[in-house]
Amino acid sequence: MLSCQVERRKIMNYKFKTKPYAHQITALEKSWNKETYAYFMEMGTGKTKVLIDNMSMLYDKGKIDGALIIAPKGVVGTWYTNELPTHLPNHIENVTVLWQANITKQQQEKLDSLFEIDTALHIIIMNVEAFSTDKGKLFAEKFLRSHNTLMAIDESTTIKNPTAKRTKNILSLGRESKYRRIMTGSPVTKNPLDLFSQCYFLDPFHLEHESYYSFRTRYAIMKTANISGRQIQLVSGFKNLPELSEKLKPFAYRVLKEDCLDLPDKIFIKRQIQLTPDQSKLYEQMKKQALAILEGKVSSTKNSLTQLMRLQQITCGHFTDDNGATQPIKNNRIDELMNVLEEVEGKAIIWAHYQYDMAKIMDAIKDKYGPGSFVDYYGLTPKDERQANITKFQGDPKCRFFIGTPSTGGYGITLTAANTVIYYSNGYDLEKRLQSEDRAHRMGQKKPVTYVDINAENTVDEKIVKALRKKIDIASQVLGEQLKSWI
(Lines give C-alpha, C1' and ligand atoms only; values in the text may rest on other atoms or scores of the structure.)
Protein backbone atom coordinates (compact mmCIF):
# COMPACT_ATOMS: atom_id res chain seq x y z
CA MET A 1 0.00 0.00 0.00
CA LEU A 2 2.81 2.39 0.94
CA SER A 3 4.71 1.66 -2.28
CA CYS A 4 1.55 2.44 -4.32
CA GLN A 5 1.24 5.79 -2.54
CA VAL A 6 4.90 6.59 -3.25
CA GLU A 7 4.45 5.65 -6.91
CA ARG A 8 1.36 7.84 -7.22
CA ARG A 9 3.18 10.76 -5.61
CA LYS A 10 6.02 10.40 -8.11
CA ILE A 11 3.59 10.45 -11.02
CA MET A 12 1.67 13.45 -9.69
CA ASN A 13 4.97 15.35 -9.32
CA TYR A 14 6.02 14.67 -12.91
CA LYS A 15 6.56 17.74 -15.11
CA PHE A 16 3.48 17.30 -17.28
CA LYS A 17 2.94 19.83 -20.05
CA THR A 18 -0.83 19.60 -19.63
CA LYS A 19 -2.44 18.71 -16.34
CA PRO A 20 -3.76 15.12 -16.22
CA TYR A 21 -7.19 14.20 -14.90
CA ALA A 22 -7.55 11.76 -12.03
CA HIS A 23 -8.33 8.78 -14.27
CA GLN A 24 -5.26 9.59 -16.40
CA ILE A 25 -3.07 9.56 -13.29
CA THR A 26 -4.55 6.16 -12.42
CA ALA A 27 -3.81 4.86 -15.93
CA LEU A 28 -0.17 5.97 -15.66
CA GLU A 29 0.15 4.55 -12.16
CA LYS A 30 -0.98 1.15 -13.43
CA SER A 31 1.05 1.12 -16.61
CA TRP A 32 3.94 3.53 -17.07
CA ASN A 33 6.84 1.12 -16.38
CA LYS A 34 5.19 -2.09 -17.62
CA GLU A 35 6.46 -3.60 -20.84
CA THR A 36 2.95 -4.18 -22.16
CA TYR A 37 -0.35 -2.46 -21.47
CA ALA A 38 -3.79 -1.78 -22.98
CA TYR A 39 -5.59 1.54 -22.57
CA PHE A 40 -9.21 0.63 -23.22
CA MET A 41 -10.41 4.21 -22.74
CA GLU A 42 -13.60 5.55 -24.28
CA MET A 43 -13.36 8.29 -26.89
CA GLY A 44 -13.01 11.65 -25.15
CA THR A 45 -11.29 10.37 -22.00
CA GLY A 46 -7.80 11.35 -23.17
CA LYS A 47 -6.01 8.09 -23.93
CA THR A 48 -3.66 9.86 -26.37
CA LYS A 49 -2.37 12.14 -23.62
CA VAL A 50 -1.83 9.14 -21.35
CA LEU A 51 0.29 7.44 -24.01
CA ILE A 52 2.35 10.59 -24.62
CA ASP A 53 2.94 11.03 -20.87
CA ASN A 54 3.85 7.34 -20.55
CA MET A 55 6.30 7.67 -23.43
CA SER A 56 7.81 10.80 -21.87
CA MET A 57 8.32 9.14 -18.49
CA LEU A 58 10.05 6.13 -20.06
CA TYR A 59 12.32 8.47 -22.02
CA ASP A 60 13.20 10.48 -18.91
CA LYS A 61 14.11 7.26 -17.10
CA GLY A 62 16.44 6.26 -19.96
CA LYS A 63 14.26 3.28 -20.90
CA ILE A 64 13.55 4.38 -24.50
CA ASP A 65 14.97 6.74 -27.09
CA GLY A 66 12.47 5.99 -29.85
CA ALA A 67 8.73 5.63 -30.33
CA LEU A 68 6.73 4.19 -33.21
CA ILE A 69 3.13 5.41 -33.21
CA ILE A 70 0.73 3.54 -35.51
CA ALA A 71 -2.62 5.24 -36.08
CA PRO A 72 -5.54 5.11 -38.54
CA LYS A 73 -5.52 7.66 -41.34
CA GLY A 74 -8.16 9.84 -39.70
CA VAL A 75 -5.99 10.61 -36.67
CA VAL A 76 -2.42 10.13 -37.88
CA GLY A 77 -2.18 13.79 -38.87
CA THR A 78 -3.55 15.07 -35.56
CA TRP A 79 -0.83 13.16 -33.72
CA TYR A 80 1.72 15.23 -35.59
CA THR A 81 0.01 18.63 -35.71
CA ASN A 82 -1.90 18.65 -32.44
CA GLU A 83 -1.47 15.85 -29.89
CA LEU A 84 2.34 15.73 -29.57
CA PRO A 85 2.84 19.53 -29.69
CA THR A 86 0.11 19.91 -27.05
CA HIS A 87 1.12 17.20 -24.57
CA LEU A 88 4.81 16.32 -25.03
CA PRO A 89 6.70 18.04 -22.16
CA ASN A 90 8.84 21.01 -23.20
CA HIS A 91 12.00 19.61 -21.63
CA ILE A 92 12.03 16.61 -23.98
CA GLU A 93 14.16 17.23 -27.06
CA ASN A 94 12.59 15.30 -29.90
CA VAL A 95 12.83 14.51 -33.59
CA THR A 96 9.30 13.80 -34.84
CA VAL A 97 8.46 12.71 -38.38
CA LEU A 98 5.15 11.88 -40.06
CA TRP A 99 5.55 8.97 -42.47
CA GLN A 100 4.46 9.61 -46.05
CA ALA A 101 4.25 6.95 -48.73
CA ASN A 102 5.49 9.23 -51.52
CA ILE A 103 8.87 10.35 -50.24
CA THR A 104 10.29 13.65 -51.50
CA LYS A 105 13.90 14.67 -51.03
CA GLN A 106 12.88 16.81 -48.05
CA GLN A 107 10.89 13.95 -46.55
CA GLN A 108 13.85 11.62 -47.00
CA GLU A 109 16.04 14.06 -45.07
CA LYS A 110 13.51 14.04 -42.23
CA LEU A 111 13.42 10.25 -42.20
CA ASP A 112 17.23 10.11 -42.17
CA SER A 113 17.25 12.38 -39.09
CA LEU A 114 15.48 9.61 -37.16
CA PHE A 115 18.66 7.53 -37.30
CA GLU A 116 21.11 10.19 -36.12
CA ILE A 117 22.93 9.35 -32.91
CA ASP A 118 21.95 11.98 -30.33
CA THR A 119 20.09 12.28 -27.04
CA ALA A 120 16.71 13.21 -28.54
CA LEU A 121 13.55 11.14 -28.43
CA HIS A 122 13.00 9.91 -31.99
CA ILE A 123 9.33 9.59 -32.94
CA ILE A 124 7.88 8.22 -36.17
CA ILE A 125 4.11 8.37 -36.76
CA MET A 126 2.82 5.91 -39.35
CA ASN A 127 -0.57 5.21 -40.91
CA VAL A 128 -1.67 1.67 -40.10
CA GLU A 129 -2.23 1.09 -43.82
CA ALA A 130 1.51 1.52 -44.42
CA PHE A 131 1.96 -1.91 -42.84
CA SER A 132 0.11 -3.52 -45.70
CA THR A 133 3.19 -2.69 -47.78
CA ASP A 134 6.69 -4.12 -47.66
CA LYS A 135 8.08 -0.58 -47.83
CA GLY A 136 6.31 0.48 -44.65
CA LYS A 137 7.17 -2.69 -42.79
CA LEU A 138 10.87 -2.58 -43.73
CA PHE A 139 11.22 1.05 -42.66
CA ALA A 140 9.52 0.39 -39.32
CA GLU A 141 11.75 -2.64 -38.77
CA LYS A 142 14.88 -0.56 -39.44
CA PHE A 143 13.65 2.12 -37.03
CA LEU A 144 12.83 -0.35 -34.26
CA ARG A 145 16.22 -2.05 -34.55
CA SER A 146 18.01 1.31 -34.37
CA HIS A 147 16.45 2.41 -31.07
CA ASN A 148 15.18 1.28 -27.71
CA THR A 149 11.54 1.79 -28.48
CA LEU A 150 7.98 2.02 -27.36
CA MET A 151 5.59 0.78 -30.06
CA ALA A 152 1.97 1.88 -29.74
CA ILE A 153 -1.15 1.20 -31.80
CA ASP A 154 -3.83 3.88 -31.63
CA GLU A 155 -7.29 2.43 -32.30
CA SER A 156 -5.94 -1.10 -32.07
CA THR A 157 -9.10 -2.66 -33.52
CA THR A 158 -7.43 -1.89 -36.86
CA ILE A 159 -5.44 -5.11 -36.27
CA LYS A 160 -8.35 -7.26 -35.09
CA ASN A 161 -8.32 -9.36 -38.27
CA PRO A 162 -5.59 -11.99 -37.69
CA THR A 163 -5.37 -12.91 -41.39
CA ALA A 164 -4.82 -9.36 -42.72
CA LYS A 165 -1.35 -8.58 -44.06
CA ARG A 166 -1.00 -5.44 -41.94
CA THR A 167 -1.93 -7.40 -38.80
CA LYS A 168 0.65 -10.07 -39.52
CA ASN A 169 3.34 -7.46 -40.21
CA ILE A 170 2.58 -5.47 -37.06
CA LEU A 171 2.53 -8.61 -34.90
CA SER A 172 5.94 -9.65 -36.23
CA LEU A 173 7.35 -6.15 -35.64
CA GLY A 174 6.13 -6.16 -32.05
CA ARG A 175 8.96 -8.52 -31.14
CA GLU A 176 11.43 -5.73 -31.99
CA SER A 177 10.09 -3.37 -29.31
CA LYS A 178 10.48 -3.85 -25.56
CA TYR A 179 7.56 -1.59 -24.63
CA ARG A 180 4.22 -2.09 -26.37
CA ARG A 181 0.88 -0.32 -25.95
CA ILE A 182 -2.55 -0.58 -27.53
CA MET A 183 -5.29 2.03 -27.25
CA THR A 184 -8.97 1.97 -28.16
CA GLY A 185 -12.30 2.96 -26.72
CA SER A 186 -14.03 -0.12 -28.10
CA PRO A 187 -11.74 -3.17 -28.00
CA VAL A 188 -14.65 -5.41 -28.96
CA THR A 189 -16.37 -3.95 -32.05
CA LYS A 190 -18.14 -7.10 -33.27
CA ASN A 191 -17.42 -9.90 -30.83
CA PRO A 192 -14.90 -10.97 -28.15
CA LEU A 193 -12.73 -12.66 -30.78
CA ASP A 194 -11.62 -9.13 -31.80
CA LEU A 195 -9.40 -9.19 -28.70
CA PHE A 196 -7.05 -11.92 -29.87
CA SER A 197 -4.75 -10.04 -32.27
CA GLN A 198 -4.76 -6.89 -30.14
CA CYS A 199 -3.62 -8.76 -27.05
CA TYR A 200 -1.28 -11.04 -29.00
CA PHE A 201 0.59 -7.92 -30.14
CA LEU A 202 1.23 -7.08 -26.51
CA ASP A 203 2.25 -10.60 -25.49
CA PRO A 204 1.31 -13.97 -27.01
CA PHE A 205 0.88 -15.37 -23.49
CA HIS A 206 -1.43 -12.69 -22.04
CA LEU A 207 -4.52 -14.64 -23.05
CA GLU A 208 -2.74 -18.02 -22.80
CA HIS A 209 -3.40 -18.84 -26.46
CA GLU A 210 -0.73 -18.74 -29.16
CA SER A 211 -3.28 -19.57 -31.89
CA TYR A 212 -6.41 -17.69 -32.93
CA TYR A 213 -8.14 -21.01 -33.47
CA SER A 214 -7.44 -22.31 -29.97
CA PHE A 215 -8.63 -18.95 -28.62
CA ARG A 216 -11.80 -19.26 -30.69
CA THR A 217 -12.37 -22.82 -29.49
CA ARG A 218 -12.15 -21.67 -25.88
CA TYR A 219 -14.45 -18.63 -26.13
CA ALA A 220 -16.75 -19.13 -29.15
CA ILE A 221 -19.58 -21.57 -29.80
CA MET A 222 -19.31 -22.77 -33.39
CA LYS A 223 -21.88 -24.25 -35.75
CA THR A 224 -21.54 -25.86 -39.17
CA ALA A 225 -23.35 -24.21 -42.07
CA ASN A 226 -23.78 -25.30 -45.68
CA ILE A 227 -23.13 -22.41 -48.08
CA SER A 228 -23.01 -22.99 -51.84
CA GLY A 229 -22.38 -26.68 -51.27
CA ARG A 230 -19.52 -26.09 -48.83
CA GLN A 231 -19.48 -26.69 -45.11
CA ILE A 232 -18.04 -23.80 -43.10
CA GLN A 233 -17.74 -23.00 -39.40
CA LEU A 234 -19.65 -19.97 -38.10
CA VAL A 235 -19.74 -18.34 -34.66
CA SER A 236 -23.16 -18.82 -33.08
CA GLY A 237 -22.43 -17.61 -29.56
CA PHE A 238 -19.81 -17.23 -26.84
CA LYS A 239 -18.74 -18.96 -23.65
CA ASN A 240 -16.30 -18.54 -20.75
CA LEU A 241 -16.48 -14.73 -21.01
CA PRO A 242 -16.04 -14.08 -17.25
CA GLU A 243 -12.74 -15.99 -17.50
CA LEU A 244 -11.67 -13.84 -20.46
CA SER A 245 -12.54 -10.68 -18.56
CA GLU A 246 -10.35 -11.77 -15.65
CA LYS A 247 -7.42 -12.45 -17.98
CA LEU A 248 -7.55 -8.85 -19.24
CA LYS A 249 -7.35 -7.20 -15.84
CA PRO A 250 -3.59 -7.47 -15.17
CA PHE A 251 -2.62 -5.61 -18.35
CA ALA A 252 -5.63 -3.44 -19.27
CA TYR A 253 -7.38 -0.39 -17.84
CA ARG A 254 -10.98 0.33 -18.86
CA VAL A 255 -12.31 3.90 -18.66
CA LEU A 256 -15.79 5.14 -19.57
CA LYS A 257 -16.77 8.81 -19.64
CA GLU A 258 -19.41 8.17 -17.01
CA ASP A 259 -16.64 7.15 -14.59
CA CYS A 260 -14.66 10.41 -15.06
CA LEU A 261 -16.16 12.96 -12.73
CA ASP A 262 -13.53 15.61 -13.51
CA LEU A 263 -13.89 15.67 -17.32
CA PRO A 264 -15.13 18.93 -18.88
CA ASP A 265 -18.76 19.08 -19.97
CA LYS A 266 -17.76 19.32 -23.64
CA ILE A 267 -14.84 17.55 -25.29
CA PHE A 268 -13.87 18.43 -28.88
CA ILE A 269 -12.03 16.06 -31.23
CA LYS A 270 -10.95 16.44 -34.87
CA ARG A 271 -10.77 13.62 -37.40
CA GLN A 272 -8.86 14.42 -40.58
CA ILE A 273 -9.39 13.08 -44.06
CA GLN A 274 -7.55 13.79 -47.29
CA LEU A 275 -9.14 14.83 -50.56
CA THR A 276 -9.08 12.27 -53.34
CA PRO A 277 -7.35 13.26 -56.62
CA ASP A 278 -10.75 14.07 -58.20
CA GLN A 279 -11.70 16.26 -55.26
CA SER A 280 -8.35 18.03 -55.24
CA LYS A 281 -8.62 18.91 -58.95
CA LEU A 282 -12.16 20.29 -58.60
CA TYR A 283 -11.33 22.07 -55.36
CA GLU A 284 -8.40 23.96 -56.92
CA GLN A 285 -10.53 24.90 -59.95
CA MET A 286 -13.27 26.29 -57.75
CA LYS A 287 -10.84 28.04 -55.44
CA LYS A 288 -8.86 29.79 -58.18
CA GLN A 289 -11.46 30.36 -60.88
CA ALA A 290 -14.75 30.27 -58.95
CA LEU A 291 -15.87 27.46 -61.24
CA ALA A 292 -15.30 23.74 -61.60
CA ILE A 293 -15.92 21.25 -64.40
CA LEU A 294 -16.74 17.57 -63.91
CA GLU A 295 -17.56 15.30 -66.88
CA GLY A 296 -18.57 18.32 -68.96
CA LYS A 297 -20.83 19.79 -66.27
CA VAL A 298 -20.00 23.30 -65.07
CA SER A 299 -20.45 24.71 -61.57
CA SER A 300 -19.81 28.45 -61.26
CA THR A 301 -20.35 31.02 -58.53
CA LYS A 302 -21.34 34.68 -58.48
CA ASN A 303 -20.35 35.60 -54.91
CA SER A 304 -17.91 34.49 -52.25
CA LEU A 305 -20.45 32.84 -49.96
CA THR A 306 -21.67 30.66 -52.82
CA GLN A 307 -18.05 29.87 -53.65
CA LEU A 308 -17.51 28.78 -50.06
CA MET A 309 -20.56 26.52 -50.26
CA ARG A 310 -19.34 24.95 -53.51
CA LEU A 311 -15.88 24.34 -52.04
CA GLN A 312 -17.40 22.62 -49.04
CA GLN A 313 -19.68 20.51 -51.21
CA ILE A 314 -16.59 19.27 -53.04
CA THR A 315 -14.90 18.35 -49.75
CA CYS A 316 -18.07 16.44 -48.78
CA GLY A 317 -17.91 14.41 -51.99
CA HIS A 318 -20.52 15.86 -54.33
CA PHE A 319 -20.75 18.44 -57.08
CA THR A 320 -23.76 20.59 -57.99
CA ASP A 321 -23.67 21.99 -61.52
CA ASP A 322 -25.33 25.17 -62.79
CA ASN A 323 -28.43 23.19 -63.82
CA GLY A 324 -28.94 22.03 -60.23
CA ALA A 325 -27.95 18.41 -60.83
CA THR A 326 -25.73 16.78 -58.18
CA GLN A 327 -23.01 14.29 -59.03
CA PRO A 328 -20.98 12.19 -56.57
CA ILE A 329 -17.20 12.56 -56.28
CA LYS A 330 -15.05 9.77 -54.92
CA ASN A 331 -14.16 10.73 -51.33
CA ASN A 332 -13.01 9.40 -47.96
CA ARG A 333 -15.63 10.99 -45.71
CA ILE A 334 -18.10 8.12 -45.32
CA ASP A 335 -15.24 5.70 -44.59
CA GLU A 336 -13.97 7.97 -41.83
CA LEU A 337 -17.44 8.33 -40.35
CA MET A 338 -17.71 4.53 -40.15
CA ASN A 339 -14.27 4.39 -38.49
CA VAL A 340 -15.46 6.87 -35.87
CA LEU A 341 -18.67 4.91 -35.23
CA GLU A 342 -16.62 1.78 -34.51
CA GLU A 343 -15.03 3.67 -31.62
CA VAL A 344 -18.27 5.01 -30.16
CA GLU A 345 -19.73 3.50 -27.01
CA GLY A 346 -23.51 3.65 -26.95
CA LYS A 347 -25.54 6.15 -28.95
CA ALA A 348 -24.43 8.98 -31.23
CA ILE A 349 -25.93 11.93 -33.07
CA ILE A 350 -24.69 12.54 -36.62
CA TRP A 351 -25.26 16.00 -38.09
CA ALA A 352 -24.75 16.74 -41.79
CA HIS A 353 -25.11 20.10 -43.50
CA TYR A 354 -26.36 18.84 -46.87
CA GLN A 355 -29.42 16.72 -47.57
CA TYR A 356 -27.47 14.93 -50.30
CA ASP A 357 -25.18 13.48 -47.64
CA MET A 358 -28.06 12.18 -45.54
CA ALA A 359 -28.87 9.34 -47.95
CA LYS A 360 -25.20 8.32 -48.16
CA ILE A 361 -24.90 8.23 -44.37
CA MET A 362 -28.12 6.26 -43.88
CA ASP A 363 -27.19 3.71 -46.55
CA ALA A 364 -23.75 3.12 -44.99
CA ILE A 365 -25.18 2.70 -41.49
CA LYS A 366 -27.99 0.46 -42.71
CA ASP A 367 -25.46 -1.81 -44.45
CA LYS A 368 -23.24 -2.11 -41.39
CA TYR A 369 -25.60 -1.90 -38.40
CA GLY A 370 -29.00 -2.78 -39.85
CA PRO A 371 -32.16 -0.78 -40.70
CA GLY A 372 -33.32 -0.57 -37.08
CA SER A 373 -30.07 0.99 -35.86
CA PHE A 374 -30.94 4.61 -36.71
CA VAL A 375 -33.63 7.22 -37.14
CA ASP A 376 -33.54 10.34 -39.32
CA TYR A 377 -34.65 13.90 -38.71
CA TYR A 378 -34.27 16.28 -41.64
CA GLY A 379 -36.30 18.05 -44.31
CA LEU A 380 -37.55 14.86 -45.95
CA THR A 381 -38.57 13.19 -42.67
CA PRO A 382 -42.40 13.24 -42.55
CA LYS A 383 -43.57 15.60 -39.82
CA ASP A 384 -45.86 12.98 -38.30
CA GLU A 385 -42.85 10.65 -37.82
CA ARG A 386 -40.43 13.10 -36.24
CA GLN A 387 -41.53 12.82 -32.60
CA ALA A 388 -41.72 9.04 -32.90
CA ASN A 389 -38.12 9.04 -34.15
CA ILE A 390 -37.00 11.09 -31.14
CA THR A 391 -38.83 8.74 -28.77
CA LYS A 392 -37.30 5.70 -30.43
CA PHE A 393 -33.79 7.12 -30.23
CA GLN A 394 -34.19 8.10 -26.59
CA GLY A 395 -35.75 4.85 -25.45
CA ASP A 396 -34.90 1.96 -27.78
CA PRO A 397 -31.47 0.42 -26.98
CA LYS A 398 -31.28 -1.08 -30.48
CA CYS A 399 -31.54 2.38 -32.07
CA ARG A 400 -27.99 3.74 -31.78
CA PHE A 401 -27.81 6.62 -34.25
CA PHE A 402 -29.76 9.83 -34.79
CA ILE A 403 -29.02 11.26 -38.25
CA GLY A 404 -30.16 14.78 -39.05
CA THR A 405 -29.46 18.28 -40.29
CA PRO A 406 -28.98 21.09 -37.75
CA SER A 407 -31.39 23.32 -39.69
CA THR A 408 -34.24 20.82 -39.04
CA GLY A 409 -33.24 18.89 -35.92
CA GLY A 410 -30.99 21.38 -34.19
CA TYR A 411 -33.70 23.23 -32.27
CA GLY A 412 -35.93 22.40 -29.34
CA ILE A 413 -35.55 18.62 -29.13
CA THR A 414 -33.89 16.51 -26.44
CA LEU A 415 -31.38 13.81 -27.44
CA THR A 416 -29.66 13.12 -24.12
CA ALA A 417 -29.47 9.37 -24.82
CA ALA A 418 -26.30 10.22 -26.78
CA ASN A 419 -23.08 11.59 -25.39
CA THR A 420 -21.24 11.59 -28.72
CA VAL A 421 -22.09 14.12 -31.44
CA ILE A 422 -20.45 13.80 -34.87
CA TYR A 423 -20.39 16.60 -37.42
CA TYR A 424 -20.12 14.92 -40.80
CA SER A 425 -20.05 18.45 -42.17
CA ASN A 426 -20.67 21.93 -40.76
CA GLY A 427 -22.75 24.89 -41.83
CA TYR A 428 -21.74 28.53 -41.50
CA ASP A 429 -24.42 29.65 -39.03
CA LEU A 430 -23.07 29.84 -35.47
CA GLU A 431 -26.53 29.65 -33.89
CA LYS A 432 -27.32 26.39 -35.68
CA ARG A 433 -24.02 24.88 -34.55
CA LEU A 434 -24.53 25.86 -30.90
CA GLN A 435 -28.15 24.76 -30.91
CA SER A 436 -27.28 21.38 -32.44
CA GLU A 437 -24.52 20.87 -29.87
CA ASP A 438 -27.03 21.41 -27.10
CA ARG A 439 -29.45 18.69 -28.20
CA ALA A 440 -27.27 16.27 -26.22
CA HIS A 441 -25.71 18.75 -23.79
CA ARG A 442 -28.78 19.77 -21.80
CA MET A 443 -30.71 18.91 -18.65
CA GLY A 444 -30.91 15.16 -18.27
CA GLN A 445 -27.44 14.51 -19.68
CA LYS A 446 -25.40 12.70 -17.03
CA LYS A 447 -22.12 12.32 -18.96
CA PRO A 448 -19.62 14.64 -20.65
CA VAL A 449 -20.40 15.03 -24.36
CA THR A 450 -17.77 14.42 -27.04
CA TYR A 451 -18.01 16.38 -30.31
CA VAL A 452 -16.18 14.99 -33.35
CA ASP A 453 -15.62 17.16 -36.43
CA ILE A 454 -14.66 15.38 -39.66
CA ASN A 455 -12.44 17.76 -41.63
CA ALA A 456 -10.77 17.55 -45.02
CA GLU A 457 -7.16 18.54 -44.45
CA ASN A 458 -6.02 21.98 -45.73
CA THR A 459 -9.49 23.02 -46.93
CA VAL A 460 -12.32 25.33 -45.92
CA ASP A 461 -13.51 22.54 -43.61
CA GLU A 462 -10.77 23.38 -41.13
CA LYS A 463 -11.40 27.12 -41.37
CA ILE A 464 -15.14 26.71 -40.84
CA VAL A 465 -14.65 24.66 -37.66
CA LYS A 466 -12.01 27.07 -36.37
CA ALA A 467 -14.32 30.04 -36.98
CA LEU A 468 -17.27 28.35 -35.27
CA ARG A 469 -15.12 27.44 -32.28
CA LYS A 470 -14.19 31.11 -32.00
CA LYS A 471 -17.92 31.91 -32.02
CA ILE A 472 -17.81 33.59 -35.45
CA ASP A 473 -21.04 33.54 -37.46
CA ILE A 474 -19.52 33.03 -40.90
CA ALA A 475 -22.76 33.64 -42.77
CA SER A 476 -23.19 37.16 -41.39
CA GLN A 477 -19.73 38.34 -40.31
CA VAL A 478 -17.40 37.15 -43.07
CA LEU A 479 -18.56 38.72 -46.32
CA GLY A 480 -17.33 40.10 -49.63
CA GLU A 481 -13.61 40.69 -50.00
CA GLN A 482 -13.03 39.47 -46.44
CA LEU A 483 -14.50 36.11 -47.35
CA LYS A 484 -12.44 35.94 -50.56
CA SER A 485 -9.23 36.32 -48.58
CA TRP A 486 -10.55 33.83 -46.01
CA ILE A 487 -11.12 31.21 -48.74
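**Notebook: cavity and sheet**

I searched the whole structure for cavities and found one of 30 Å³ or more. I am working from a predicted model.

I looked up the volume of the largest cavity: about 40 Å³. Next I listed the lining. Q312, R333, S425, N426, I454, N455, D461, I464 and V465 line the largest cavity. I sorted these residues by class and got three nonpolar, four polar and two charged.

Which elements supply at least two residues each of this lining? They are β19 (449-456) and α18 (460-469). The largest share, three residues, comes from α18.

I then turned to a sheet. It is open, has seven strands and runs in the order β3-β4-β2-β5-β6-β1-β9, with parallel pairing. I checked the edges. β3 (94-98) and β9 (252-255) each have a single partner strand, so one side of each is left without a neighbour in the sheet.

β2 (residues 66-71) and β4 (residues 121-127) pair in the parallel sense over six bridges. I looked for the bridge partner of G66 in β4 and found H122.

Last, I looked at helices lying across these strands. Helix α3 (residues 47-60) lies across β1 (36-41), β2, β4, β5 (149-154) and β6 (179-183). I noted that α3 runs at about 170° to β6. Helix α6 (residues 134-146) lies across β2, β4 and β5. For α6, I noted an angle of about 165° to β4.

Key. Residues numbered from 1 in each chain as written. Predicted model: local features only at pLDDT ≥ 70, side-chain atom pairs only at ≥ 80, totals over all residues. Heavy atoms only, no water. 1 Å grid on protein atoms, 1.4 Å probe; cavity = no way out; pocket = protein on both sides within 12 Å on 5 of 7 lines; lining within 4 Å. Points joined across faces, edges and corners; volume = space filled by probe spheres on them. Helix = DSSP H or I, 4+ residues; strand = E, 2+ residues; numbered from the N terminus. Nonpolar A, V, L, I, M, F, W, Y, C, P; charged D, E, K, R; others polar. Pairing = 2+ DSSP bridges. Contact = heavy atoms within 4.5 Å. Axes fitted to C-alpha atoms, helices over the stretch in contact; angles between N-to-C directions.
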